[in-house]
Amino acid sequence: MEERILQSICIRLADGRTARLEVIVHLDGMFETLIITDDPEQEKVFSKKLEEQEGAFDFFEYLKEEQHVPEPIGRYKKLAADLEQAKIYAKEQMGEDDSGPFNFDSVSIYLPRWREKLVINAAKTAGVDCFKDRRTSRYLFSIPETGDCLMKTKAAEAMSAFLNNIGYHTRVFYMLD
């Protein structure tokens, strides 16, 4: 028995790189689900070994859903670019002081009749986290790695102001832990 690829597809990662998502069966009978970049120096982005084939294929489907981010088009491409610019601006404005209470402050944007999956993919492309409020057409965006307290608040306020100035209907969502 030789090592062989059971399933392989090309995906686009959130950072824009292309990669292969594969299920491999190894010589020892173990199954591995992995993501390998298509860069000249291939990088193993993710790998998980499983004993059962069914589990490997289930995990393959999970990774395809979670890690594959299609290239945004139309207004979603503009949203991704705007979110990325707002993220850069917010990181410049957040300062160094992270005192105060722990919080989950984020930016709320009103996007009526926008497709949730495409908004979330645009956010992933921009490198920000996104969550849709199920009762409204508001989406919450937050910047990873901006501190836990005052820095997060300042980043959310700066990001909201930036997006508001370029035409989005935003507000800051304040939430203490």
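# Reading a predicted chain

From the N terminus on, the elements of the protein chain follow the order β-β-β-β-α-α-β-α-β-β-α-β.

Biologist: How many helices and strands does that order contain?

Modeller: The protein chain has four helices and eight strands. Keep in mind that this is a predicted model. The C-alpha atoms fill a box of roughly 60 × 35 × 35 Å, taken along the principal axes.

Biologist: What share of the residues counts as buried?

Modeller: A residue is called buried when its relative accessible area is under 20%, and exposed when that value is over 50%. Of the 177 residues in the protein chain, 38% count as buried.

Biologist: Which residues touch the most other members of the largest nonpolar core?

Modeller: A nonpolar core is a set of buried nonpolar residues joined through their side-chain atoms. The largest one here has 27 residues, and Leu-83, Phe-141, Met-159 and Leu-163 touch the most other members. At least two residues of this core come from each of helix H2 (75-93), strand E5 (106-110), H3, strand E7 (138-142) and helix H4 (150-165). The biggest share comes from H4, which gives seven residues.

Biologist: Now the charged side chains. How many salt bridges does the structure hold?

Modeller: To read a salt bridge, look for a side-chain nitrogen of Lys or Arg within 4 Å of a carboxyl oxygen of Asp or Glu. The structure holds twelve of these.

Biologist: Which residue meets Glu-22 in a salt bridge?

Modeller: The side chain of Glu-22 meets that of Arg-20, with 2.9 Å from N to O. Glu-22 counts as buried because its relative accessibility is 4%. Arg-20, at 24%, counts as partly exposed.

Biologist: Which other residue forms a salt bridge with Arg-20?

Modeller: Arg-20 also pairs with Asp-38, and their closest N and O atoms are 3.2 Å apart. Arg-20 lies in strand E2 (residues 18-25), while Asp-38 lies in the loop between strand E3 (31-37) and E4, so this pair ties together parts that are 18 residues apart in sequence. Asp-38 has a relative accessibility of 34% and therefore counts as partly exposed.

Biologist: Where in the chain are the two partners Glu-65 and Lys-117?

Modeller: First the contact itself: the side chains of Glu-65 and Lys-117 meet in a salt bridge, 3.0 Å from N to O. Glu-65 is in helix H1 and Lys-117 is in helix H3 (residues 116-126), so the pair links distant parts of the chain, 52 residues apart. Both ends count as partly exposed, Glu-65 at 45% and Lys-117 at 39%.

Biologist: Which residues are linked in a network of salt bridges?

Modeller: Asp-15, Arg-17, Asp-39 and Glu-43 are linked in such a network.

Biologist: Next, the backbone. Which phi value does Arg-113 have?

Modeller: The phi of Arg-113 is near 65 degrees, which is a positive value in a residue other than glycine. Arg-113 is placed in the loop between E5 and H3. With a relative accessibility of 75%, Arg-113 counts as exposed.

Biologist: And where is Glu-145 placed?

Modeller: Glu-145 is in the loop between E7 and H4. Its phi is near 60 degrees, again a positive value in a residue other than glycine. Glu-145 is exposed, because its relative accessibility is 74%.

Biologist: How far apart in space are Gly-16 and Glu-71?

Modeller: Check two separations, one along the sequence and one in space. Gly-16 and Glu-71 are 55 residues apart in sequence, and their C-alpha atoms are 7.8 Å apart in space. Gly-16 belongs to the loop between strand E1 (4-12) and E2. Its relative accessible area is 35%, so Gly-16 is partly exposed.

Methods:
Residues are numbered from 1 along each chain as its sequence is written. This is a predicted model: local features need pLDDT of at least 70, side-chain atom pairs count only at pLDDT 80 or more; totals for chains, interfaces and linings use all residues. Side-chain values use heavy atoms; hydrogens and water are left out. Buried means under 20% relative accessible area, exposed over 50%, partly exposed in between (1.4 Å probe, protein chains only). A nonpolar core is a set of buried Ala, Val, Leu, Ile, Met, Phe, Trp, Tyr and Cys residues joined through side-chain atoms within 4.5 Å.
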